[in-house]
Amino acid sequence: MDFERRSVSMEILDPARGFQPVRLQLEQRWDPLTGQGCRLLPLLPLLNLFPPAEGDLTSMVTRAAGSCPFCPERVEVVTPRFPEAMIAAGRLRRGEALLFPNLHPYARYSSVAVFSPRRHLLPLTEMTPQLVGDNLAAQVAFARAVTGHDPEARWVSVNANHLPPSGSSVLHPHTQGTAHPFPTTMQRLLSELPADRLTDYIAAERATGRRYLGSTGTVDWVVSFAPSGPAELRAVLSDIRSPEQLGEERVAELASGIATALTFYAELGFSSYNMALYGTPSDAADSDPEGRAMLLRMVCRSNPRPWYRSDVMWLERLHGDAAVDIWPEEIADRAGDRFRR
Ligand SMILES: [Zn+2]
């Protein structure tokens with residue numbers, strides 16, 4: 001397992017110091033699973049951590065409640081239902097979570113699961129294991145229903161956008177599930193890795209201990225060595241390939257880790273994130289399910305505020321590399337023991 005890194009430095013004449021020469025330094029890293037490049041820069045508030053404008057955010061989100069399609073007074077009227085043959089009740093409920101079809105067909109089967117119609121305003125600080133667990137349980141039930149109904153839709157994922165910087169168009173917090181006949185680029189890449197690659201990756205991170213955050217039992221958490229964006233965290237679930245295979249206990253275990261990650265993100269000063277849980281079908285590429293594992297990735301996005309800087313620029317959008325200024329090892333230090341159970 002290669003954790004490849006190179007130091008790169010350059011000289012400029014600094015206007016703040018009478019044009020004296022200063023050396024600037026970055027560290028180039030490559031992700032051991034995907035090969036994706038990452039440039040770790042000295043801490044520059046420009047890149048990631050604008051102070052959160054919680055006051056503005058709360059008033060923006062609250063204003064949108066008047067016409068929100070996911071709030072209790074409208075959700076049953078304006079959101080679609082699944083055909084009876086697929087999901088008999090039309091929508092799925094788990095605790096406070098409510099799941100229905102996505103109006104935007106991002107995949108052959110595409111779901112939206114609202115954490116709770118009653119919680120239009122749900123900051124990351126209030127993401128509890130129960131709320132996240134019920135939401136994930138609804139997505140797992142959806143995945144099970146649609147893959148049972150249509151075996152061609154074998155590429156399953158559970159995802160989240162939270163607030164507009166992450167790509168969310170509805171401010172009311174929710175997740176999105178998909179089941180599709182074709183993999184995403186990342187699902188294809190993960191399915192082509194040797195069967196034991198994910199477990200080897202975790203074993204290597206656990207051995208160095210520098211970015212390893214702990215295990216909740218059957219789920220290991222690490223900070224990404226070469227993050228694809230601010231504060232990328234990863235969870236690896238052993239002996240499973242796809243979300244529809246998650247039993248009740250593992251849903252609760254994974255959800256408690258996700259809730260820990262989300263409240264940690266809030267503590268770091270972030271309010272917007274993306275998440276993806278990547279399923280690969282049992283018969284993809286490698287036919288041996290032994291030692292297979294499933295990957296979850298989470299990443300912070302810029303804080304929403306007027307004229308905020310996107311965390312995605314030419315490097316991320318068009319070159320497929322990332323530039324971040326929050327170093328993975330610093331995030332691991334700040335996470336401490338919170339992921340250990
Ligand atoms: Zn709402």
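Let's start with a turn. This is a predicted model. Look at the hairpin of β2 and β3, with six residues between the strands. Glycine 35 sits in that hairpin with a positive phi, near 80 degrees.

Now the strands on either side. β2 covers residues 20-30 and β3 covers residues 37-40. They pair antiparallel, over four bridges.

Which of its residues are on the covered face, and which on the uncovered one? Cys38 and Leu40 make up the covered face. Gly37 and Arg39 are on the uncovered face.

Next, the other partner of β3. That is β14, residues 322-324. Here the two strands run parallel, joined by three bridges. Arginine 39 has alanine 323 of β14 as its bridge partner.

Over to β2 again. β1 and β2 are antiparallel, and 10 bridges link them. Within this pairing, arginine 6 stands opposite glutamine 28 of β2.

In what order do the four strands come? The order is β1-β2-β3-β14, in an open sheet with mixed pairing. β1, residues 5-14, and β14 are the edge strands, each pairing on one side only. On average, neighbouring strands in this sheet are turned by 25 degrees against each other, ignoring direction.

A quick reminder on the pairing itself. Strands in a sheet pair through backbone hydrogen bonds, parallel or antiparallel. This sheet is mixed: β3 is antiparallel to β2 and parallel to β14.

How values were computed: Residues numbered from 1 in each chain as written. Predicted model: local features only at pLDDT ≥ 70, side-chain atom pairs only at ≥ 80, totals over all residues. Buried ≥ 20, exposed ≤ 12 C-beta atoms within 10 Å, placed from the backbone. Pairing = 2+ DSSP bridges. Axes fitted to C-alpha atoms, helices over the stretch in contact; angles between N-to-C directions.
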